[in-house]
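Subject: Structure handover

Hello,

Here is the structure I promised to pass on. Please open it alongside this note. What I found follows below.

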Amino acid sequence: MNKAAVIYWSQTGNTEQMAAAIAEGVRVGGMECDLLQVGETNAAAVAGYEKIALGCPAMGAEVLEEMEFEPFFTELESKLAGCRVALFGSYGWGDGQWMRDWVQRTEDANANLYTGEGLIINETPDEAGLEKCRSFGQGFAAY
């Protein structure tokens, strides 16, 4: 399947805005792209995509959202070996530790991580932040 998926969880809408802009960038980059909330899919279905962009904000003590996203990602981890993956999310405090931990887990799963790090934006993305997301998506499509 020559298709990408952008899958996200968002509480305030910040990560949702990032996801939409990344999906737009992927499409501009020439790939078909499904934009899905994490509750609309499952790990088995996601493993069939050529490229997977995953978005989750920092929660609590800089962790992934624990009720939906963390269980989804835990199940997906064993299916990521060799997959092209991008990570993104918003945060309102801390220094990005949740993303560094998530990047490490993704690398430990032997995924091919786009840029070697995730894209993070503090709070609500402004137009410059959304443009950064579009560029991230376009680059991911070419990855």
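Are phenylalanine 73 and tryptophan 102 buried or exposed? Both are buried. Bear in mind throughout that this is a predicted model.

**Aromatic rings**

The structure has eight aromatic pairs. Phenylalanine 73 and tryptophan 102 make one of them: their ring centres are 5.9 Å apart and their planes meet at 85°, so the pair is edge-to-face. This pair ties together distant parts of the chain.

Tyrosine 91 and tryptophan 98 form a tilted pair, at 6.0 Å centre to centre and 40° between the planes. Tryptophan 98 has a relative accessible area of 2%, so it counts as buried.

There is also a cluster to look at. Phe69, Phe72, Phe73 and Trp102 form one aromatic cluster.

The charged end of arginine 84 sits over the ring of tyrosine 143, at 5.7 Å from the ring centre.

**Strands**

Start with S3. Five of its five residues are buried. Both of its faces are covered. Lys51, Ala53 and Gly55 lie on one side, Ile52 and Leu54 on the other.

S3 runs parallel to S1, and five bridges join the two. Alanine 5 stands opposite isoleucine 52 of S3.

S3 also pairs with S4, again in the parallel sense and over five bridges. Here lysine 51 stands opposite arginine 84 of S4. The chain passes from S3 through H3 to S4 in a right-handed β-α-β crossover. Further along, alanine 53 stands opposite alanine 86 of S4.

S4 has seven of its eight residues buried, so the rest of the structure largely encloses it. With strand S5 (residues 112–113) it pairs in the parallel sense over two bridges. Valine 85 stands opposite leucine 113 of S5. With strand S6 (residues 119–122) the pairing of S4 is parallel over four bridges. Glycine 89 has isoleucine 120 of S6 as its bridge partner.

**Nonpolar cores**

Which residues touch the most other members of the largest nonpolar core? They are Ile7, Leu54, Phe69, Phe72, Leu80, Leu87 and Trp102, out of 30 residues in that core. The elements that give two or more residues to the core are strand S1 (3–8), helix H2 (43–46), strand S3 (51–55), H3, strand S4 (84–91) and H4.

Setting aside neighbours within four places in sequence, leucine 54 is in contact with Ile7, Phe69, Phe72, Phe73, Leu76, Val85, Ala86, Leu87, Phe88 and Trp102.

Another core, of 22 residues, lies apart from the largest one. Its members include Tyr8, Ala21, Cys33 and Ala86. As a general point, nonpolar side chains in soluble globular proteins tend to be buried together.

**A glycine in H5**

Last item: glycine 139. This residue is in helix H5 (residues 127–142). Its relative accessibility is 23%, so glycine 139 counts as partly exposed. Glycine 139 and isoleucine 22 are 117 residues apart in sequence, yet 9.7 Å apart in space, C-alpha to C-alpha.

Best wishes

Notes: Residues are numbered from 1 along each chain as its sequence is written. This is a predicted model: local features need pLDDT of at least 70, side-chain atom pairs count only at pLDDT 80 or more; totals for chains, interfaces and linings use all residues. Side-chain values use heavy atoms; hydrogens and water are left out. Rings of Phe, Tyr and Trp (its six-membered ring) pair if their centres lie within 6.5 Å; planes under 30 degrees apart count as stacked, over 60 as edge-to-face and the rest as tilted. Buried means under 20% relative accessible area, exposed over 50%, partly exposed in between (1.4 Å probe, protein chains only). A charge sits over a ring if NZ of Lys or CZ of Arg is within 6 Å of the ring centre and within 35 degrees of the ring normal. A nonpolar core is a set of buried Ala, Val, Leu, Ile, Met, Phe, Trp, Tyr and Cys residues joined through side-chain atoms within 4.5 Å. Contact means heavy atoms within 4.5 Å. Two strands pair if DSSP finds at least two bridges between them. A crossover is right-handed if, with the strands pointing away from the viewer, the path from the first strand over the helix to the second runs clockwise.
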